[in-house]
Amino acid sequence: MKIKEFQVSGLFDLYNHKLDFSNNDTKSAEETASVIMIYGKNGIGKTTILRMIDGLMTLNFDEFRTTKFKNASLTFSGGNEIYVEKIYKEDEVDFLNVKYRNLQTKLHPLKSGPKNKEDSDNESEFIKLYNDDLDKYSYEFIDTERLIRK
């Protein structure tokens with residue numbers, strides 16, 4: 001199973017981006033791209049997109065808590081999708097709504113963890129299901145922080 005697509009809407013209240021990774025599914029080995037590049041002008045969200053993808057893969061939603069966006073999703077080749085959106089109440093972020101398969105959980109808008117104590121069991125079930133499915137994927141994270149020399 002592979003990552004098929006990433007999309008984000010309302011990034012910085014300006015941009016809608018869609019990255020399609022699925023073009024490799026329909027091509028022969030000779031036609032398959034070995035590198036996918038993300039390029040564009042400064043400030044359009046290239047680094048933020050990479051951080052969001054990393055956050056969705058690791059269930060670390062800190063980037064989503066601090067970045068202006070409406071919703072984002074990561075779709076896998078099997079059809080499963082992890083989806084996150086900011087839910088507002090009176091012009092303030094009330095919670096992050098995160099969905100995967102048949103589960104949904106409400107996360108605290110400012111700090112790690114569920115919005116309320118009653119959401120804890122649901123969050124645990126969500127994490128277990130997602131991580132069990134993620135074990136079926138082959139991927140490697142490259143930590144760019146370790147490449148920066150001071």
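Trainee: Which residue in the turn of the hairpin formed by E3 and E4 has a positive phi?
Mentor: This is a predicted model, so local features need pLDDT of at least 70 and side-chain atom pairs pLDDT 80 or more, while totals for chains, interfaces and linings use all residues. Residues count from 1 along each chain as its sequence is written, and side-chain values use heavy atoms, with hydrogens and water left out. Strands (E, at least two residues) and helices (H or I, at least four) are DSSP runs numbered from the N terminus. Four residues sit between E3 and E4, and the one with a phi of about 100° is Gly79.

Trainee: How many residues of E3 are buried?
Mentor: Buried means under 20% relative accessible area with a 1.4 Å probe, protein chains only (exposed is over 50%, partly exposed in between). Asn71, Ser73 and Thr75 point one way, Ala72, Leu74 and Phe76 the other, and all are buried. E3 is largely enclosed by the rest of the structure, because the buried count is six of six.

Trainee: Which strands are the edges of the sheet?
Mentor: The open, antiparallel sheet has the order E2-E1-E3-E4-E5-E6. Pairing on one side only are E2 (15–20) and E6 (103–107).

Methods: Pairing = 2+ DSSP bridges.
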